[in-house]
Amino acid sequence: MYKAPVEEIAFTLNHVAGLADALEIGRFGDLSADLVEAILEEAGRFAGNEMAPLGEIGDKQGARLTDGKVKTPDGWPELYRHWREGGWNGLTAPEAYGGQNLPHMLNVAALEMWNSASMAFALAPTLTMGAIEALVAHGSDALKEKFLAKLVSGEWTGTMNLTEPHAGSDLGVLKTRAERSDDGTYRIFGQKIFITWGEHDAADNIIHLVLARLPDAPAGTRGISLFLVPKFLVGDDGSLEARNDVFCHSIEHKLGIHGSPTCTMIYGDGKYSPGNEEDKGAIGWLIGEENKGLACMFTMMNNARLAVGMQGVAIAEAATQKAVAFAKERTQGKAPGWSGTGMSPIIDHPDIARTLITMKALTQGARAICYACAHATDMSHHTEGDEARHWTERAALLTPIAKSFATDAGVDVASLGIQVHGGMGFIEETGAARYLRDARIAPIYEGTNGIQAIDLVTRKLPLSSGDQVRGFIGELKEIADKISASNNTAFGETGDRLRAAIAALETATGWLLDTQAAGRTADALAGATPYQRLFGLVLTGCYLAKGALVAVDNGGPEKRVALCRFMAENLLAETSALKDRVVSGAASLQAARSILA
């Protein structure tokens with residue numbers, strides 16, 4: 001059974017991502033280390049004791065649709081109520097609407113625990129938190145007054161409606177339409193697919209954020225507006241009124257996350273309208289300005305991308321825990337040096353040990369990257385001027401890496417976990433397969449990892465004319481130099497291996513910036529995905545080293561040094577090959593495209 005790694009989470013937050021330094025200078029007001037510890041401990045207790053036991057039930061039962069109503073797995077509505085009553089939905093939300101206004105770092109740490117316990121369940125509050133962010137940033141005072149308090153409390157949940165049957169990542173071709181009404185509202189007509197928790201029985205109301213196009217809107221993404229469309233209309237006193245003209249037509253039968261209802265939503269077909277032609281359409285309210293909806297939605301999507309990265313971390317952590325526990329109990333053969341009676345536990349076999357330590361390295365590296373991204377986001381909100389711009393750019397640079405590297409790690413680690421289980425890993429009763437099934441969606445939604453690579457190379461590397469990424473690489477070099485300067489033989493070749501990996505990253509970064517400046521965008525994009533992994537591996541090596549240095553300075557456990565060295569001497573060699581793919585792979589890719597004809 002999953003047990004939240006509270007100590008590891010706290011260490012990474014404080015000593016790798018930077019929370020301890022921020023607390024020391026009072027960056028987050030009167031937030032104390034003791035309060036942080038208490039929040040993490042309680043979140044871990046809830047995730048392990050109350051949420052995790054229902055995760056397996058959710059996977060087996062799934063969400064069920066009957067007559068337009070979705071029933072979530074047994075016990076989930078009650079679990080959601082307990083989770084909501086704990087105040088977890090409003091950790092980072094404004095105090096004015098009932099939130100706690102805590103740092104984003106704490107929220108992503110809690111999200112890790114929720115997703116390890118049950119990724120399918122955790123998707124509901126994840127989308128609600130995103131809706132809150134969008135409404136706080138772009139909603140009118142009237143919309144905030146009517147909807148925010150109930151969203152912050154979790155009494156109502158939120159959704160994000162982008163995708164249509166013909167329009168996946170290319171939102172410029174969406175067809176859902178909005179028509180202006182005389183009373184200042186809008187009528188929404190259309191179909192949206194893949195809507196997470198679009199209909200369910202865990203909350204009283206569902207607030208849909210829907211992208212649609214006005215009749216006179218410009219073509220493409222410049223003509224998209226964002227609308228708030230509630231399942232039930234809301235009176236001025238906050239009471240629920242008539243059902244809006246929106247409903248769930250069907251739910252998807254998916255590879256994983258079975259307990260999360262993935263819905264096809266229909267807006268404005270008359271199922272819940274009074275019957276008069278002029279009254280048809282789902283009633284919605286504009287968020288932000290007309291034709292500026294994509295910018296509003298990206299407020300929600302950027303935070304969602306980091307949240308999805310945390311799903312990768314969470315699955316990797318849960319899969320690693322299960323694999324380690326199995327490897328300690330399962331006996332097979334005699335490992336080298338085994339002196340006990342009978343067969344040895346498979347964890348003593350070198351290949352299994354290598355696999356498990358690889359899983360731990362990828363998990364802890366992905367965690368550190370995501371927490372560092374959350375730290376940058378927090379700092380961008382709690383600083384001013386050039387410092388705020390620096391942290392805003394740092395968060396922007398880290399977001400695609402956090403989303404992609406962590407979700408790829410979730411898939412890789414879950415797959416390795418099945419391998420450790422052997423044939424039993426392929427059998428559902430062990431639970432190892434569930435992690436891989438759940439993890440596989442994370443590299444796809446909220447912008448595929450290929451799209452993240454395009455974003456990283458074309459939009460994020462050129463920030464401040466490349467100075468942001470160059471400065472970041474300079475910070476990573478300082479970590480490698482500190483390892484070498486420590487003269488600690490326990491680090492082995494870590495310092496040299498880190499410097500070589502950082503050099504590969506620096507070379508690839510310079511090549512990509514120069515190639516784009518020369519107008520050879522296709523050549524740059526040919527290496528975008530390898531570059532994204534290269535960056536993630538270098539960050540993993542450096543962040544593990546940073547944590548190991550802290551442990552050494554404080555007389556901490558040698559296991560951090562051992563993991564850091566393993567990462568450097570076993571996994572970082574891949575960075576050299578990735579650099580070659582970035583700078584030399586475009587020509588062969590272009591030449592080979594003919595084989596796809």
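This is a predicted model: local features need pLDDT of at least 70, side-chain atom pairs count only at pLDDT 80 or more; totals for chains, interfaces and linings use all residues.
Local features need pLDDT of at least 70, side-chain atom pairs count only at pLDDT 80 or more, and totals for chains, interfaces and linings use all residues. Residues are numbered from 1 along each chain as its sequence is written, and side-chain values use heavy atoms, with hydrogens and water left out.

Helix α6 covers residues 141-153. Helices (H or I, at least four residues) and strands (E, at least two) are DSSP runs, numbered from the N terminus. The 13 residues of α6 reach 18 Å from first C-alpha to last, close to the 18 Å expected at 1.5 Å a residue. The expected span is 1.5 Å times one less than the number of residues. At phenylalanine 147, α6 bends by about 45 degrees. The bend is the angle between axes fitted to the seven residues ending at a residue and the seven starting there.

Buried residues (under 20% relative accessible area, with exposed over 50% and partly exposed in between; 1.4 Å probe, protein chains only) in α6 are Leu143, Lys144, Phe147, Leu148, Leu151 and Val152. An α-helix has 3.6 residues a turn, so residues three or four places apart point the same way. Glycine 154 follows α6, with a positive phi near 90 degrees.

Asparagine 291 has phi near 65 degrees and lies in the loop between β12 and α7 (293-329). Serine 465 has phi of about 55 degrees. Serine 465 lies between α11 (449-460) and α12 (467-485) and is exposed, at 63% relative accessible area.
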